[in-house]
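User: I've got a structure open and would like to talk it through with you. Shall we go from the overall fold down to the side chains?

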Amino acid sequence: ITLRHDFARAELANGTPRLLLEGVARARVSRYATAGGVLRATLKGDVPADDEPAETAALARRAMSQFEEDVSLHRRIPGEVVAIVQSAPSPARQAYAIAAHLALPQEARQVLLETAPLSTLLRTLDTTLTGEIELLRLEQKIEQDVRGSVFQNQREFYLQEQLKAIHRELGQDDDDLADLEAEVDRKGLPDAIKTRVLREHR
């Protein structure tokens, strides 16, 4: 479990109370007991030691870098979260803060928060963040492709409307290409439109 204290209280628009808690330490329950109808637990501090501090430091730096990229790609996580996580006093607190802020189902975040030792958590975060970043990049690419396609369709529609306007001015039955070229030149239309008008009439 995580020992914690109240950080902030708020109420959602639908009236549901929301409590933001800040974890202060990891602990394990060593014994449960009931007294006066209340369940009580005896806790022991749980601070798993890491055998490879240099490797842990490198993994922590990589996790922080990946988290920054994840937040920059993500629309639902505010950018200020990165500064909050960076200000955590230790690599372990940073790792748990990253795990808590990932846009994952609650169950998946809980599994991350329970993972120990720290090096294992950091490796798991690395795998999770790599997958999230790839997914977010793919979503962005799809969105850009769709936006580009919509822009191209709008551009073609605009060109077709200009073409129709030119045909109306020239008269529907006028198929003399020389007259058409002269009229298009006289109007000073862009090259793309001129090429398309002449191609349509050839």
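User: How many helices and strands are there in the chain?
Analyst: Bear in mind that this is a predicted model. From the N terminus on, the elements run β-β-β-α-α-α-α-α-α-α. Counted up, that gives seven helices and three strands.

User: What percentage of the residues in the chain is buried?
Analyst: To count as buried here, a residue has to be under 20% relative accessible area. The chain has 202 residues, and the buried ones make up 26%.

User: Which element gives the largest share of the largest nonpolar core?
Analyst: That core has 23 residues, and Phe67, Ile98, Leu102, Leu122 and Leu125 touch the most other members. The elements that give it two or more residues are H1 (53-73), H2 (80-86), H3 (91-101) and H5 (118-170). The largest share is six residues, and it comes from H1.

User: Staying with H1, which of its residues are buried?
Analyst: The helix has 21 residues and reaches 30 Å from first C-alpha to last, close to the 30 Å expected. Its buried residues are Thr56, Leu59, Ala60, Ala63, Met64, Gln66, Phe67, Asp70, Val71 and Leu73.

User: What is phenylalanine 67 in contact with, leaving aside its neighbours within four places in sequence?
Analyst: Phe67 is one of the core residues that touch the most other members, and it is among the buried residues of H1. With those sequence neighbours set aside, its contacts are Val81, Val82, Val85, Ile98, His101, Leu102 and Leu129.

User: How many residues are in the second, separate core?
Analyst: Leu159, Leu180, Val184 and Leu198 are included in this one. Its size is eight residues.

User: Is leucine 138 buried, partly exposed or exposed?
Analyst: Leucine 138 has its place in helix H5. Together with Ile142, Val146 and Val150 it forms a nonpolar patch on the surface, with about 340 Å² of accessible area between them. Buried would need under 20% and exposed over 50%. At 47% relative accessibility, leucine 138 therefore counts as partly exposed.

User: On to charges: how far apart in sequence are the parts that arginine 62 and aspartate 126 tie together?
Analyst: Their side chains meet in a salt bridge at 2.7 Å, N to O. Arginine 62 lies in helix H1 and aspartate 126 in helix H5, so the parts tied together are 64 residues apart in sequence.

User: And where does arginine 75 lie, the partner of glutamate 143?
Analyst: Glutamate 143 and arginine 75 meet through their side chains in a salt bridge of 2.5 Å, N to O. Since glutamate 143 belongs to helix H5, the pair ties together parts that are 68 residues apart in sequence, with arginine 75 in the loop between H1 and H2.

User: Of those two, what is the exposure class of arginine 75?
Analyst: Glutamate 143 has 29% relative accessibility and counts as partly exposed. The cut-off for exposed is over 50%. Arginine 75 has 68% relative accessibility, so it counts as exposed.

User: Which residues are linked in a network of salt bridges?
Analyst: The structure holds six salt bridges. One of them joins glutamate 143 and arginine 75. The linked residues are Arg75, Glu143 and Arg147.

User: How far apart are the closest N and O atoms of lysine 141 and aspartate 145?
Analyst: Both residues lie in helix H5, four residues apart, about one turn of the helix. Lysine 141 is partly exposed at 47%, and aspartate 145 is partly exposed at 45%. Their salt bridge has its closest N and O atoms at 3.0 Å.

Technical notes. Residues numbered from 1 in each chain as written. Predicted model: local features only at pLDDT ≥ 70, side-chain atom pairs only at ≥ 80, totals over all residues. Heavy atoms only, no water. Buried < 20%, exposed > 50% of the residue type's maximum accessible area, 1.4 Å probe, protein only. Core = buried A, V, L, I, M, F, W, Y, C linked by side-chain atoms within 4.5 Å. Contact = heavy atoms within 4.5 Å. Expected span 1.5 Å × (residues − 1). Patch = residues over 30% accessible without salt bridge, like charges linked within 9 Å, V, L, I, M, F, W, Y side chains within 5 Å. Areas by Shrake-Rupley, 256 points an atom, 1.4 Å probe, with all protein chains shown as cover. Salt bridge = Lys/Arg side-chain N within 4 Å of Asp/Glu carboxyl O.
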